[in-house]
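Colleague: Please take a close look at the pockets. I would like to know what lines them and which parts of the chain supply the lining.

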Amino acid sequence: MFNLDALDLARIQFAFTVSFHIIFPAITIGLASFLAVLEGCWLKTNNQVYKDLYHFWSKLFAVNFGMGVVSGLVMAYEFGTNWARFSDFAGSITGPLLTYEVLTAFFLEAGFLGVMLFGWDRVGRRLHFFATIMVAIGTLISMFWILSSNSWMQTPQGIEIVDGRVAPVDWFKIVFNPSFPYRLMHMALAAFLSTAFFVGASAAWHLLRCNNTPQIRKMLSMAMWMILVATPVQIAVGDAHGLNTLEHQPAKIAAIEGHWDNTPGEPSPLVLFGLPDMQAETTRYSLEVPYLGSLILTHSLDKQIPALKSFAKEDRPNSTIIFWSFRVMAGLGMLMLLCAVAALVLRRNGALYRNRVFLWLALLMGPSGLIALLAGWFTTEIGRQPWVVYGLLRTTQAASNHGAVQMSVTLALFVVIYFSVFTVGIGYMMRLVRKGPNAADALHTVDATARRPLSAAD
């Protein structure tokens with residue numbers, strides 16, 4: 001397929017499936033916490049608007065949760081089929097961490113999900129609220145273990161190599177590896193922002209069509225408050241994450257910046273735009289700002305950031321890709337901040353729900369959280385190359401011994417099946433959004449014999 005070898009096809013296949021998958025857990029994490037807030041507000045105020053919104057977003061949560069579970073199962077099998085050497089080398093670490101996720105997060109979610117979706121008028125208010133909180137906590141615990149496993153692959157510690165395999169020595173160091181706290185917070189905020197922009201765009205769509213109900217206004221208001229609070233925090237966390245990456249993965253930072261050479265004694269410039277050329281070892285048509293690279297990445301004017309030429313060619317990440325994926329993420333972050341400030345100004349002026357320019361902005365920004373999330377993951381994962389476990393196992397050493405034909409066939413099947421199945425699911429979610437909370441039926445009307453989470457979405 002397109003003259004790609006089996007390794008390239010295996011990488012593309014995993015990138016395709018994980019990119020499809022990460023969208024659903026991100027919205028699931030955000031919606032679960034949003035539902036907990038909605039039910040808490042309803043219990044405190046007895047305002048029917050919060051209950052209506054809970055019923056409406058519970059339906060989208062149920063569909064999204066189901067698609068997230070289905071899309072995530074595939075990756076577990078890919079570790080064994082396509083990346084058997086990685087599983088053999090690091091399975092003693094990744095296996096237990098993923099097992100802890102199942103034992104703590106998945107069982108918690110599964111135990112309370114039925115009560116949350118079908119328990120209205122069948123259990124007490126406080127018990128139902130408790131079930132919603134447990135599901136929300138379960139999604140956060142799941143993220144904790146997944147990010148711990150992935151972060152360990154970025155910054156491995158607490159292990160020793162025995163007979164060519166990783167052996168755990170200190171589980172506390174393994175779980176709480178150097179990049180884990182920053183990446184966990186960054187991912188959590190990304191999930192909340194992705195959900196907030198999804199909710200805000202849904203409200204903006206209805207307001208632009210003059211569906212100006214209390215439920216719609218509340219959706220927009222809550223989404224904009226979340227964006228206003230979370231965006232500046234996300235920018236600060238991203239800055240701290242960058243400093244951590246500079247310390248532990250300097251080649252990634254050099255590739256992100258498209259920075260090839262340092263002039264002795266001079267601070268590093270910031271390359272705003274350009275076209276990194278890995279063969280020519282230069283960034284063509286670069287637009288640079290003197291001193292700014294050192295100021296942003298080292299918080300000083302007398303330190304230099306690493307240059308790509310200081311690393312061996314075989315150890316350099318592909319700057320051509322992550323140079324731009326990082327700028328997509330950062331650029332959308334600035335637009336998110338602009339949207340949050342504009343919402344605050346309009347709120348103070350009493351025009352938040354009727355300013356059509358802002359409503360169009362909110363609508364167009366709807367997918368921005370998910371796009372920024374994917375761009376961030378591309379930057380992180382491609383920037384780790386050529387390593388699977390950073391500094392310990394190269395990607396070329398991790399793949400199974402498959403042929404290009406086998407990988408081509410399975411990749412084609414995944415593309416066809418994923419687009420067929422998940423396009424239908426996403427389309428159904430958009431139909432629910434177009435109907436709006438006024439058209440949503442209360443979940444307590446669902447037949448008590450319902451057994452599957454998707455049964456919550458009529």
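Modeller: A pocket here is an open set of points, on a 1 Å grid over the protein atoms alone, where a 1.4 Å probe fits with protein on both sides within 12 Å along at least five of seven lines; lining residues have an atom within 4 Å of a point. The model is predicted, so local features need pLDDT of at least 70 and side-chain atom pairs pLDDT 80 or more, while totals for chains, interfaces and linings use all residues. Numbering starts from 1 along each chain as its sequence is written, and side-chain values use heavy atoms, without hydrogens or water.

By that rule, 46 residues line the second largest pocket, and those nearest its centre are His 186, Gly 238, Phe 326, Met 329 and Ala 330. Its volume (the space filled by probe spheres set on points joined across faces, edges and corners) is about 1,200 Å³. The biggest contributor is α7, with 10 residues. By class, 22 of the lining residues are nonpolar (Ala, Val, Leu, Ile, Met, Phe, Trp, Tyr, Cys or Pro), 5 are charged (Asp, Glu, Lys or Arg) and 19 are polar (the others, Gly among them).

The largest pocket holds about 1,700 Å³ of space. Its lining has 49 residues, and Phe 14, Val 18, His 21, Met 75 and Ile 146 are the closest to its centre. For this pocket, at least two lining residues come from each of α1 (6-45), α2 (48-81), α3 (84-118), α4 (125-154), α12 (368-384) and α13 (395-398). Sorted by class, the lining of the largest pocket has 30 nonpolar, 13 polar and 6 charged residues.

In the largest pocket, α1 supplies the largest share of the lining, 12 residues. How far apart are the end C-alpha atoms of α1? They are 59 Å apart, which agrees with the 58 Å that its 40 residues should span at 1.5 Å a residue, because the expected span is 1.5 Å times one less than the number of residues. Just after α1 comes Asn 46, with a positive phi of about 60°.

Methods
Helices (H or I, at least four residues) and strands (E, at least two) are DSSP runs, numbered from the N terminus.
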